[in-house]
Amino acid sequence: MTPEFSRPERIDQIHERERVVEMTATPDERAALAKRFDLVSIDRLRAHFAIRREAAGITARGRVEADLVQACSVTGEPVTTHVDEAAELLFVPEQEDAGDEVELSADALDSVPYTGDRIDLGEAAAETMALALDPFPRSPGAAAALREAGVLTEEEAKPLGPLAGLRDKLEGR
């Protein structure tokens with residue numbers, strides 16, 4: 001299955017010398033991605049990556065920018081969101097048996113396995129956008145709606161019974 005925002009790059013066309021790839025999603029691609037990620041709409045999605053071949057694989061470093069609308073997790077009202085996310089990816093050939101766990105350093109790039117003779121920078125951009133989204137977006141009216149439904153904030157919630165003073169004792173109050 002071809003992803004909604006596919007921008008394949010042939011592996012044999014990626015060399016040690018860095019090359020910049022820029023991409024912008026079409027209205028149809030944005031609509032399909034909005035459906036896939038359960039968004040109200042994606043008004044703009046663009047990305048650019050500097051790609052090059054390295055000993056460890058193919059690196060793609062760049063940014064993903066998007067303007068989109070999510071539904072508030074409390075009220076369902078539209079919440080406008082702007083994504084501006086750095087992406088540093090390492091495309092590596094998918095292996096049958098990855099074997100033992102490998103410990104990664106803090107500065108290690110996110111690994112993206114690929115099969116065949118291409119990597120898909122459009123799909124990488126779409127996934128980067130999705131990972132940058134707030135999983136529980138809140139509209140300005142969310143707090144009032146929660147209060148009206150009887151949901152307490154953390155500050156309002158008090159431990160009951162024998163635990164009532166435990167937090168104060170632990171905090172030295």
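Reply: Two strands count as paired if DSSP finds at least two bridges between them; strands (E, at least two residues) and helices (H or I, at least four) are DSSP runs numbered from the N terminus. The model is predicted, so local features need pLDDT of at least 70 and side-chain atom pairs count only at pLDDT 80 or more, whereas totals for chains, interfaces and linings use all residues. Residues are numbered from 1 along each chain as its sequence is written, and side-chain values use heavy atoms, without hydrogens or water.

The sheet is open, with five strands in the order 2-3-4-5-6 and mixed pairing. Strand 2 (19–24) and strand 6 (110–114) are the edges; each has a single partner strand, so one side of each lacks a neighbour in the sheet.

Strand 2 runs antiparallel to strand 3 (residues 41–54), joined by six bridges, and Val 20 is opposite Ala 50 of strand 3. Between strand 3 and strand 4 there are 13 bridges, again antiparallel, and the two form a hairpin with two residues between them. Here His 48 has Arg 63 of strand 4 as its bridge partner. Arg 63 also stands opposite Ala 86 in strand 5. Strand 4 and strand 5 are antiparallel, with 14 bridges; six residues separate them in a hairpin, where Gly 76 in the turn has a positive phi of about 80°.

Eleven of the 15 residues of strand 4 are buried, meaning under 20% relative accessible area with a 1.4 Å probe, protein chains only. Helix 2 (residues 121–132) lies across strand 2, strand 3, strand 4 (57–71) and strand 5 (78–93).

Note on methods
Contact = heavy atoms within 4.5 Å. Axes fitted to C-alpha atoms, helices over the stretch in contact; angles between N-to-C directions. Buried < 20%, exposed > 50% of the residue type's maximum accessible area, 1.4 Å probe, protein only.
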